[in-house]
Amino acid sequence: MADLVVYPRRLRASRGTVTIELTDRDLRLLRHLAENPEAVLSKDELYDVGWGRDYMPNSRALDQHIATLRRKLDPGRSLPPVIETVHARGYR
């Protein structure tokens with residue numbers, strides 16, 4: 001995933017000199033994206049990974065969480081994106 005290095009047991013990641021604190025949900029989503037390179041993952045699939053099957057996917061929770069995760073992964077908005085939006089389909 002570009003220059004992102006993830007340390008799952010520490011709930012941390014790094015990109016260059018930036019250390020990133022992750023939540024369990026961040027880690028689950030990043031892991032699933034990394035395990036499916038180049039695949040477009042639907043929002044329903046990512047809801048299942050991040051929140052579980054009982055979660056109501058009509059909320060904006062996933063989009064808001066992805067936006068927060070993107071800010072964590074690139075606080076200066078100067079690095080190549082790790083998560084890409086595929087409009088009307090999901091994320092890659």
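**View 1. A search of the whole structure turns up one aromatic pair.** Tyr 47 and Trp 51 make up this pair, with 5.4 Å from centre to centre and 55 degrees between the planes, which is called tilted. Here is how that label works: rings of Phe, Tyr and Trp (its six-membered ring) pair if their centres lie within 6.5 Å, and planes under 30 degrees apart count as stacked, over 60 as edge-to-face and the rest as tilted. Tyr 47 has a relative accessible area of 3%, so this residue is buried. Buried stands for under 20% relative accessible area, exposed for over 50%, and partly exposed for in between (1.4 Å probe, protein chains only).

A quick word on what you're looking at: this is a predicted model, where local features need pLDDT of at least 70 and side-chain atom pairs count only at pLDDT 80 or more, while totals for chains, interfaces and linings use all residues. Residues are numbered from 1 along each chain as its sequence is written, and side-chain values use heavy atoms, with hydrogens and water left out.

**View 2. Strands S1, S2 and S3 line up in that order in an open, antiparallel sheet.** S1 and S3 (18–21) are at the edges with a single partner strand each, so one side of each has no neighbour in the sheet. On average, neighbouring strands here are turned by 25 degrees against each other, direction ignored; the strand axes are lines fitted to C-alpha atoms, and angles run from 0 to 180 degrees between N-to-C directions. Strands (E, at least two residues) and helices (H or I, at least four) are DSSP runs, numbered from the N terminus, and two strands pair if DSSP finds at least two bridges between them.

**View 3. Zoom in on the hairpin of S1 and S2, which has four residues between the strands.** S1 (residues 4–7) and S2 (residues 12–15) pair antiparallel over four bridges. Leu 4 has Arg 15 of S2 as its bridge partner, and Tyr 7 stands opposite Arg 12. Leu 11 takes a positive phi near 55 degrees. The charged end of Arg 10 sits over the ring of Tyr 7, 5.4 Å from its centre; to count, NZ of Lys or CZ of Arg must be within 6 Å of the ring centre and within 35 degrees of the ring normal.

**View 4. S2 and S3 form a hairpin with two residues between them.** The two strands run antiparallel and are joined by four bridges, with Arg 15 opposite Val 18 in S3. Gly 16, in the turn, has a positive phi of about 65 degrees.

**View 5. Here's Ser 14, which sits in strand S2.** Ser 14 counts as buried, at 15% relative accessibility. Leaving out residues up to four places away in sequence, Ser 14 touches Asp 3, Leu 4, Val 5, Tyr 7 and Ile 20; contact here takes heavy atoms within 4.5 Å.

**View 6. Helices H1 (residues 24–35) and H3 (residues 61–73) pack at about 90 degrees, with axes 11 Å apart.** That makes H1 and H3 roughly perpendicular (65 to 115 degrees; under 35 is roughly parallel, over 145 roughly antiparallel, and the rest oblique). Residues making the contact include Leu 29 and Leu 30 of H1, and His 65 and Leu 69 of H3.

**View 7. Another open sheet of three strands has the order S4-S6-S5, with antiparallel pairing.** Its edge strands, S4 (41–42) and S5 (85–86), each pair on one side only. S5 and S6 (residues 90–91) pair over two bridges, and Val 86 has Gly 90 in S6 as its bridge partner.
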